Amino acid sequence: MTLAARPARRRSQRGLDDRLFPGATAVSYVVAILLALACVIPLLYMISLAFQSDAEVQGGTAVLLPSTWQWGNIARVFDAAPFGRFLLNSLIVAGLITISHLVFDPMVGYVFAKFDFPLKGAIFTAILATMMISFFVRMLPLYVMFSNAGWLNSYQGLVVPFLMDAFGIFLMRQYMISVPNELGEAARVDGASEWRIYWNIVLPQTKPALAVLGLFSFVFQMNEFIWPLIATSTEQMRVITIALPLFNKESFTQWNLTAMASLLLFVPICALFLFTQKYVVRGIAMSGIK
Amino acid sequence: MSLVDTVPVVDEGTPPSPTRRQGRRVTPLRRKQIITAYLFLIPAVVFFVAMFFYPLFNELLTSFTSGLTDPVPVGFDNYLRALSDPVVIHSFLVTLEYAAGSLVGSIIIGLLLALMLNQGLRGRVVLRTMILVPYMTSIAIVGLLWRNILDPSVGILNTALHAVGLPGQEWLNTAPLQTLIGITVWQESGYVMMLFLAGLQAIPEEVYEASKIDGAGVWTRFRRITVPLLAPTTFFVLLVGVISSMQQFGLPYIVTNGGPGDATSLFVFQVYQETFTNQDIGYASAMAFLLLIFILILSFIQMRIGRRKDLV
């Protein structure tokens, strides 16, 4: 399994002589477009909802579009609850975890890809096996551990359970197997330190895999729900995914503000996705390859 | 069905790395390599022991006790209780139903989309992007958005029904589990589509060419080539899907609060309730461990079958 050079368009021309019945292509277009619209229309409606007036969302009859776009809702949502702080908390936590994944996952993957040592197979299997350990099994013991350490409701408490990730290690190992050994060997003969070989020679060659890893780590941590729900108790430490349902519970008639608050998380993630699609597509494809 | 939940099959036949393999003797160079490897591994070993295996061990111990405060050993009582508790059994069955429904839905739609997009439709990159957006969206947003859309009084779906003269529906009361299944299918079909697209691209073009020369029609080619060669992908989707459905928490927590009644009390939501609401810690630990055992069994099946490439 390599990341590089998946022949993406190899078969893009097929289909013209493969029609199931006359007009099949036209039907495909219609069905595909309808399904694609079904995917985005609810999210577009959320944008519309975010700019509706209180009267429109409380009127008992939903409206598709606001009669006038209430740009003031943006400011109102920050007045209603400290959403700036929530978003900042999310960014700090997801950012720290992403950096940690980018530092440690390739390091560990490198060792398993390029070194031979006693217990290698056992350690690798043990690390991969952690993928099967559901977070719901770790949830309570972690809560107790962190409570005893005084780490609940702190950044370290939110970050530490996710500092490394077995899937990221697996991904980097697979990629590094295909990185040629010659340059590293040459540097080793020249007396370069092992760390320099890794940092200056091997790591720079894995940039595409690092991009996938960083992107997925960041998006998944921004969207993470269960641990912040358990591990935070004050408004100060709350992340945005937890703040959204709480805010909705407190001001359940103001769906416009809930939708606007949702946009604070949705718009950046969506923009990131649009700009880095290539890597997202690659990452998902890799998750399915055995 | 998130990416981080996926369990790739361990390739046991990995050839030993070509670096330093000069016989069994431990040369100074090889010793240096071994030391380097261990130094690089120290942080990982510390992390996985402290954050995975030690908690796992603790949870196992707790599951054989009455709880955290003044724990009394109770043997297998918590497990026996869970296995005969109608609430737990109900929750497990509801979760299986949720898993089955959302998998059937997202596999049908995902496969359909993959087959259509794989024909080289013009604008397929745009379509693919649109279809994937829900998958990239946080469950918090998805849950709240659908709760609003489905709301009997202020939701836009009922407004639309009224506008065309149909009666309003209270989906979250009349068909709560099916509604959660629908939301999941909406969110995850794009991910399944991507997996099938990757599977389709891996089928060699030559196979199709050869069968065309043999005069096989489109339908025959689909049935005899595409379907069997996609079987490994389908199998992967199924297992990953069941494992991640077993851990669906956000939707019942945000959309239905497990209700109405216990209609959508998915398994991990039940574990969460036992842990933090009822604080029946020993019992909750046993439930979590039963979940772990279930996931382990599924994963071993995946590894077994995944290795037998001739079969799938």
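1. Contact here means heavy atoms within 4.5 Å. By that rule, Q270(B) touches V87(B), S91(B), S265(B) and M287(B), leaving aside residues up to four places away in sequence. The model is predicted.

2. Where does Q270(B) sit? Its place is helix 12 of chain B, which covers residues 267–277. Is Q270(B) buried or exposed? The relative accessibility of Q270(B) is 11%. Buried means under 20%, so Q270(B) counts as buried.

3. Now the interface of the two chains. On the chain B side, 114 residues are in contact with chain A. On the chain A side, 118 residues take part. Together the two chains bury about 10400 Å² between them. Carbon and sulfur atoms carry 72% of that area.

4. How many salt bridges link chain B and chain A? The count is one. K32(B) forms a salt bridge with E194(A). The closest N and O atoms of K32(B) and E194(A) are 4.0 Å apart.

5. Which element gives the largest share of the chain B side that touches chain A? Helix 1 of chain B does, with 22 residues. This helix runs over residues 28–63.

6. The chain B residues that touch chain A can also be sorted by type. Of these, 78 are nonpolar. Another 24 are polar, and twelve are charged.

7. Polar contacts cross the interface too. The rule finds 13 residue pairs in polar contact between chain B and chain A, with both residues at pLDDT 80 or more.

Conventions: Residues are numbered from 1 along each chain as its sequence is written. Chains are lettered from A and ligands numbered from 1 in the order in which they are written. This is a predicted model: local features need pLDDT of at least 70, side-chain atom pairs count only at pLDDT 80 or more; totals for chains, interfaces and linings use all residues. Side-chain values use heavy atoms; hydrogens and water are left out. Buried area is the accessible area (1.4 Å probe) that two parts lose on being put together, summed over both. A salt bridge is a side-chain nitrogen of Lys or Arg within 4 Å of a carboxyl oxygen of Asp or Glu. A polar contact is a pair of N or O atoms within 3.5 Å; within protein, one must be able to donate a hydrogen and the other to accept it, and residues adjacent in sequence count only if both atoms are side-chain atoms. Helices (H or I, at least four residues) and strands (E, at least two) are DSSP runs, numbered from the N terminus. Ala, Val, Leu, Ile, Met, Phe, Trp, Tyr, Cys and Pro count as nonpolar, Asp, Glu, Lys and Arg as charged, and the others, Gly among them, as polar. Buried means under 20% relative accessible area, exposed over 50%, partly exposed in between (1.4 Å probe, protein chains only).
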